[in-house]
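Open the model in your viewer and keep the sequence beside it. Each stop below says what to select and what is there.

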Amino acid sequence: MDDRMRASDADREALTARLRDHYAEGRLTQDELDERVSVALSAKTFGELRSLTTDLPGPAVVPPRTAARPSWGGPPPWRRHYHRRPPVPLILLIVLLVALSSSGGWAVFGFFQLILVFWLAMMLSRIAIGLAYRRRHRYR
């Protein structure tokens with residue numbers, strides 16, 4: 001980062017907090033702390049802030065800033081794995097229901113039997129998966 005760039009209030013406050021930590025650890029005297037804090041609070045550039053910690057150990061007090069990532073306009077990070085799908089199965093179900101109801105009552109009855117069997121199979125598989133999960137994670 002360029003030492004001629006202007007420092008923000010947050011940068012100055014972070015540096016003064018770090019100087020207070022060095023004072024608490026015994027690396028600075030009270031007079032040195034007062035002098036460095038007053039210089040830090042009146043500093044305008046990163047170069048002035050860096051010069052206050054050159055003789056102190058530890059990470060750089062003013063980390064280099066990274067370029068902001070361009071926003072792609074998508075959902076927030078906590079929702080990126082969710083994808084909204086079009087309701088194709090619902091549309092197909094309605095079309096199938098209309099087609100079966102126009103052909104006669106027995107076809108609709110058979111269709112609902114198939115749905116019932118499918119639902120029962122899904123519920124039983126869900127119960128089996130839940131039991132296997134509990135058995136696997138019981139003693140963790």
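The expected span of a helix is 1.5 Å times one less than its number of residues. Keep that rule in mind for the opening stop. One caution before you start: this is a predicted model.

**Stop 1: helix H1**

Select residues 9–24, which form helix H1. H1 has 16 residues. From its first C-alpha to its last it reaches 23 Å, close to the 22 Å expected.

Now colour the buried residues of H1: Asp 11, Arg 12, Leu 15, Thr 16, Leu 19 and His 22. Look down the axis of H1. The buried residues fall within an arc of 130°, so they line one face of the helix. Turn to the other side of H1, where Asp 9, Ala 10 and Ala 24 are exposed.

What do the buried residues of H1 pack against? Show helix H2 (30–42) and helix H3 (46–50); these two are the packing partners.

**Stop 2: Thr 16**

Stay in helix H1 and select Thr 16. Thr 16 counts as buried because its relative accessibility is 1%, and the cut-off for buried is under 20%. Show its surroundings, leaving out residues up to four places away in sequence. Thr 16 touches Val 37, Ala 40 and Leu 41.

**Stop 3**

Select Asp 9 and Arg 12. Their side chains meet in a salt bridge, 2.7 Å from N to O. Side chains of opposite charge can pair when their charged atoms come close. Asp 9 and Arg 12 are three residues apart in helix H1, so about one helical turn separates them. An α-helix has 3.6 residues a turn, so residues three or four places apart point the same way.

Check both ends of the pair. Asp 9 is exposed, at 55% relative accessibility. Arg 12 is buried, at 13%.

**Stop 3**

Next, select Glu 25 and Arg 27. Here is another salt bridge between side chains, with an N to O distance of 2.1 Å. Arg 27 is partly exposed, with a relative accessible area of 39%.

**Stop 5**

Jump to Arg 36 in helix H2. Is Arg 36 buried or exposed? Arg 36 is buried, with a relative accessible area of 13%.

Show what surrounds Arg 36, again leaving aside neighbours within four places in sequence. Arg 36 is in contact with Leu 19, Leu 28, Leu 52, Asp 55 and Leu 56. Of these, Leu 19 is one of the buried residues of H1.

Pick out Asp 55. Asp 55 forms a salt bridge with Arg 36, and the closest N and O atoms are 2.8 Å apart. This pair links distant parts of the chain. Asp 55 sits in the loop between H3 and helix H4 (88–103), while Arg 36 is in helix H2, 19 residues apart. Asp 55 counts as exposed, at 51% relative accessibility.

How many salt bridges does the count come to? The count comes to three.

**Stop 4**

Finish at helix H5, residues 105–136. Select Leu 116, which is found in this helix. Leu 116 is exposed, with a relative accessible area of 52%.

Key. Residues numbered from 1 in each chain as written. Predicted model: local features only at pLDDT ≥ 70, side-chain atom pairs only at ≥ 80, totals over all residues. Heavy atoms only, no water. Helix = DSSP H or I, 4+ residues; strand = E, 2+ residues; numbered from the N terminus. Buried < 20%, exposed > 50% of the residue type's maximum accessible area, 1.4 Å probe, protein only. Arc of directions from axis to C-beta. Contact = heavy atoms within 4.5 Å. Salt bridge = Lys/Arg side-chain N within 4 Å of Asp/Glu carboxyl O.
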